[in-house]
Amino acid sequence: MTKPNETLENLLQQDYEHGFITDIESDTLPPGLNADTVRAISAKKNEPEFMLAWRLKAYEYWRHLTEPHWAHLKYGPIDYQAISYYSAPKVTEGPKDLSEVDPKLIETYNKLGIPLKEQEWLAGVAVDAVFDSISVATTFKDKLNEMGIIFCSFSDAVQNHPDLIQQYLGSVVPHTDNFFASLNAAVFSDGSFVYIPPGVRCPMELSTYFRINARSTGQFERTLIIADEGAYVSYLEGCTAPQRDENQLHAAVVELIALDKAQIKYSTVQNWYPGDENGVGGIYNFVTKRGECRGHHSKISWTQVETGSAITWKYPSVILKGDYSVGEFYSVALTNHHQQADTGTKMIHIGQHTKSTVIAKGISAGFAQNTYRGLIKVLAHADGAHNYTRCDSLLMGTHCGAHTFPHIESKNSRARIEHEASTSKISEDQLFYLAQRGIDTENAVSMIVNGFCKEVMKTLPMEFAVEARKLLGLSLEGSIG
Amino acid sequence: MLTIKNLQASIEDKAILKGIHLSIKPGEVHAIMGPNGSGKSTLANVLAGREEYQITAGTMHYQGIDLSTLTADERAHLGLFLSFQYPVEIPGVSNLYLLKSALNAKRKHMGLEEIDAIDFLSIVREKMKLLHMDDSYLYRDVNSGFSGGEKKRNEILQLLLLEPSLCILDETDSGLDIDALRIVAEGINLMRNEKRSILLITHYQRLLDYIKPDVVHILSEGKIVAEGDYTLATQLEAEGYEPFLQKKTGG
Ligand SMILES: Nc1ncnc2c1ncn2[C@@H]1O[C@H](COP(=O)(O)OP(=O)(O)O)[C@@H](O)[C@H]1O
Ligand SMILES: [Mg+2]
């Protein structure tokens with residue numbers, strides 16, 4: 001096995017040969033992507049050989065792919081050679097304190113009721129200035145350790161639990177999965193890792209929020225969550241406060257694995273900067289999220305509330321392999337101004353008596369486009385498979401659009417597949433009724449929209465739900481009247 | 001005090017209110033009766049600030065303030081309450097949440113703190129008891145799947161909770177059976193005091209048997225064609241609208 005240092009040396013040689021010089025000591029790789037970039041990333045992270053081999057395979061595969069353009073989205077070409085693929089976490093960049101932060105952002109934080117310390121963290125105020133609360137995170141970690149739960153950064157897991165990584169990495173989202181997933185596999189910088197041992201019920205919601213270095217994981221994140229037999233975990237991703245990021249392109253991968261009788265609940269509230277009213281400067285969010293119900297009677301639930309990004313391309317999916325396994329997808333996608341969202345889910349029924357539920361709520365305002373794209377696939381042996389899908393769209397104004405593309409592929413004639421869809425508008429009658437009760441337009445819209453999304457919101461963990469409610473209201477400010 | 005002078009309003013260029021004169025003093029109960037389509041709900045909506053209607057002439061003042069300069073929610077904060085003829089359904093929003101939001105909006109306007117959840121429940125339960133409503137109302141979605149009668153009762157619950165100073169009740173009696181009518185009327189009577197003004201819009205005399213108005217106005221084709229005391233309603237019940245409508249064409 002090659003030692004990391006040897007790889008480094010090889011790399012330096014090769015760099016020279018190709019007239020491409022990488023300054024190994026520097027914190028940031030120059031823009032551009034080739035096999036050497038991949039080697040450099042792996043070397044900087046001191047990764048074992050199997051990781052480098054896997055990254056290189058992914059890069060080779062990606063090199064021959066072309067970017068997909070089938071989603072109902074429009075965006076300018078992305079220059080993959082203009083991106084820098086590695087940037088060491090910097091501690092001192094960013095504003096020194098909140099007085100240096102865009103007042104508009106602070107205003108939003110205040111409306112969401114976010115405490116000062118967290119505001120600093122979110123706005124990118126230097127980490128060491130903020131995290132005197134590290135002790136909180138440590139206490140939390142001790143408790144998890146006692147139960148045998150592993151919850152750490154992906155990099156730490158590669159160093160400390162290489163066997164688990166080798167066993168599970170890419171087993172749900174292979175390096176050949178799709179354009180963005182292959183790119184991620186080649187260059188991902190960091191992310192989260194969770195392992196819940198057999199029979200253990202994780203006693204608290206796991207959130208990246210508690211992982212203090214989470215902010216610097218960058219644009220290519222990778223998350224791997226494994227619930228062993230009979231284990232349970234609820235994981236929260238993202239946060240409701242708007243996050244700004246210099247990186248326009250985000251291509252994350254999330255893999256979930258549930259063994260026999262295990263349950264994983266994955267909740268996301270995503271609020272990337274969506275760009276201004278004219279759609280300038282927003283984030284492109286191309287995410288591959290997939291869970292596999294590998295064991296019998298296992299269950300995976302995705303809940304997502306999406307209000308951010310200029311462009312969202314995201315289909316959290318469940319492969320229902322184990323007999324009697326259950327997949328759920330609850331989604332609220334809100335688009336305003338010039339935002340575009342193309343989201344949905346895939347439920348792949350392989351095992352017998354597998355069951356899936358899809359509830360998708362799309363809200364469009366302004367000039368936004370909101371697309372639901374779903375695939376329900378039932379394989380021949382999946383006797384007793386059952387899917388229920390409902391897509392509801394709510395339109396505000398006349399310039400926005402809602403589209404649904406539900407696809408069904410069933411090879412089992414006894415499978416039960418039900419689909420319902422509706423489109424409605426916020427009515428003047430509702431707004432007038434609420435106004436007559438003294439409730440102003442913004443609160444009225446927020447109330448109606450939250451009512452529309454209730455079924456999804458109630459699947460969110462409590463604290464998250466309260467914030468998400470406020471967020472929906474804020475995202476729609478000024479969209480009516 | 002509500003003062004309406006020569007109020008004219010139209011919708012989609014169709015004139016509906018054609019010169020209404022009306023004033024209601026604090027403590028008074030006025031009834032507006034009139035055939036279907038005469039403009040009763042239009043008057044209520046225009047007073048409450050529905051924007052689809054254009055006011056083409058005339059004025060309306062409440063407590064000396066020109067209502068046309070205020071939005072619907074501002075009018076609500078001024079103390080104007082409309083019990084809707086057809087209350088809307090709001091899926092996914094619990095009645096409890098609506099009631100609390102409305103009360104808190106009012107409190108905020110008055111410079112008060114948001115009401116404590118426990119205090120709120122005890123107040124709302126007390127009002128619900130008066131209207132013979134059980135707890136399940138609180139947890140159902142606003143008006144969703146409510147029967148006509150349940151919706152009207154729910155409107156009156158909001159009225160009791162918000163304690164407005166000017167109450168406009170648009171056909172609150174329709175859809176109520178006789179027992180419910182009595183209960184709702186008792187609720188409204190509880191609200192009667194020397195400061196509050198009430199405008200009852202109704203089709204039938206039967207509500208007025210429970211809530212005796214000080215003045216009865218008869219509206220026809222956007223104009224008030226007759227005014228009088230309670231006996232006018234009795235006369236109307238006996239003779240129908242026909243004699244009043246003729247009177248209008250005659251004079
Ligand atoms: N939104 C509307 N659009 C068009 N016409 C309307 C609208 N609302 C009311 N009208 C018309 O205005 C007239 C008065 O209606 P309304 O005020 O509801 O009468 P009432 O309450 O006395 O039965 C009717 O001819 C009705 O058709
Ligand atoms: Mg009417």
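A crossing of two helices is left-handed if the near helix is turned anticlockwise from the far one by less than a right angle. The views below come from a predicted model.

**View 1. Helices α3(A) and α10(A) cross with left-handed geometry.** Helix α3 of chain A covers residues 49-63, and helix α10 of chain A covers residues 179-187. Two packed helices are described by the angle between their axes and the distance between the axes. Here the axes come within 7 Å and cross at roughly 145°. From α3(A), the residues at the meeting are Trp54(A), Arg55(A), Ala58(A), Tyr59(A), Tyr61(A) and Trp62(A). From α10(A), they are Phe179(A), Ser182(A), Leu183(A), Ala185(A), Ala186(A) and Val187(A).

**View 2. Asn46(A) sits in the loop between α2 and α3 of chain A.** Helix α2 covers residues 35-44. Asn46(A) has a positive phi near 60° and is not a glycine. Its relative accessible area is 42%, so Asn46(A) is partly exposed.

**View 3. His353(A) also has a positive phi, about 55°.** His353(A) is not a glycine. It lies in the loop between β14 (340-349) and β15 (355-365) of chain A. Relative accessibility is 36%, and His353(A) counts as partly exposed.

**View 4. Val253(A) is buried in strand β7 of chain A.** The strand covers residues 253-258. Val253(A) has 1% relative accessibility; buried means under 20%, so the residue qualifies. Beyond residues up to four places away in sequence, Val253(A) touches Val173(A), Ala181(A), Asn184(A), Glu221(A), Arg222(A), Thr223(A) and Thr288(A). Gly170(A) is 83 residues from Val253(A) in sequence. In space, their C-alpha atoms are 9.7 Å apart.

**View 5. Thr335(A) is buried in strand β13 of chain A.** The strand covers residues 326-335. Thr335(A) has a relative accessible area of 2%. Leaving aside neighbours within four places in sequence, its contacts include Gln340(A), Ala341(A), Ile363(A) and Ser364(A). Ala365(A), Ala368(A), Gln369(A) and Asn370(A) are also in contact with Thr335(A).

**View 6. Chain A as a whole: 14 helices and 19 strands.** The chain has 481 residues, and 58% of them count as buried. Take the contacts in chain A with a separation of 6 or more: residues 24 or more positions apart account for 84% of them.

**View 7. Helix α4(B) has a buried side and an exposed side.** The helix covers residues 117-130 of chain B. At 1.5 Å a residue, its 14 residues should span 20 Å, and the end C-alpha atoms are 20 Å apart, which agrees. Phe120(B), Val124(B), Lys127(B) and Met128(B) are buried. They cover an arc of only 100° around the axis, which puts them on the same side of α4(B). An α-helix has 3.6 residues a turn, so residues three or four places apart point the same way. On the other side of α4(B), Ile118(B) and Lys129(B) are exposed. The cover over the buried residues includes α3 (95-109), α5 (136-139) and α6 (148-162) of chain B.

Notes:
Residues numbered from 1 in each chain as written. Chains lettered and ligands numbered in written order. Predicted model: local features only at pLDDT ≥ 70, side-chain atom pairs only at ≥ 80, totals over all residues. Heavy atoms only, no water. Helix = DSSP H or I, 4+ residues; strand = E, 2+ residues; numbered from the N terminus. Expected span 1.5 Å × (residues − 1). Buried < 20%, exposed > 50% of the residue type's maximum accessible area, 1.4 Å probe, protein only. Arc of directions from axis to C-beta. Contact = heavy atoms within 4.5 Å. Axes fitted to C-alpha atoms, helices over the stretch in contact; angles between N-to-C directions.
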